[in-house]
Amino acid sequence: MLIDEIKKDLLSFQKEKKETAVSTLRLLLSAIVNKEKDKRLKIAEANPNFSEEELIKGSVLTDEEITAVVSSEVKKRRDSIAAFEKGKRQDLAEKEKEELDI
């Protein structure tokens, strides 16, 4: 699955001491976990009799949903780059560009 690949890359970047890549993948994993929590909450509201196990199993994101989260994060980075360049904050724009490349 895609989530396993992201976690594997995170571990690899940690070993290589690539700080920007590590922080970027951690942010991505955090966004994925938040999306899973949102999905779990919706399932729990629709099915109040589900057990915790069923909720966890049902809230695991598919590769398509993970791809949507990644796309959302990419859009955030592009919007931030535009805003930072407009505000003449090239240093912050460069940081966002590095994260976007990762």
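This report walks through the core and the salt bridges of the model.

## About the model

The model is predicted: local features need pLDDT of at least 70, side-chain atom pairs count only at pLDDT 80 or more, and totals for chains, interfaces and linings use all residues. Residues are numbered from 1 along each chain as its sequence is written, and side-chain values use heavy atoms, leaving out hydrogens and water.

## The nonpolar core

Let's start inside. The largest nonpolar core has 12 residues, including Ile3, Leu10, Leu29, Ile32 and Ile66. Such a core is a set of buried Ala, Val, Leu, Ile, Met, Phe, Trp, Tyr and Cys residues joined through side-chain atoms within 4.5 Å; buried means under 20% relative accessible area, exposed over 50%, and partly exposed in between, with a 1.4 Å probe and protein chains only.

Helix 1 (2–15), helix 2 (19–46) and helix 4 (63–86) each give two or more residues to this core, and helix 2 has the largest share, with six. Helices here are DSSP runs of H or I with at least four residues, numbered from the N terminus.

## Salt bridges

Now to the charges. The whole structure holds 11 salt bridges, each a side-chain nitrogen of Lys or Arg within 4 Å of a carboxyl oxygen of Asp or Glu. Glu96 and Arg77 pair at 3.7 Å, N to O, linking helix 5 to helix 4 across 19 residues. Both Glu96 and Arg77 are buried.

Lys95 and Glu99 also pair, at 2.8 Å, N to O. Lys95 is partly exposed at 44% relative accessible area, whereas Glu99 is buried at 6%. A network of salt bridges joins Glu73, Lys76, Arg77, Lys95, Glu96 and Glu99.
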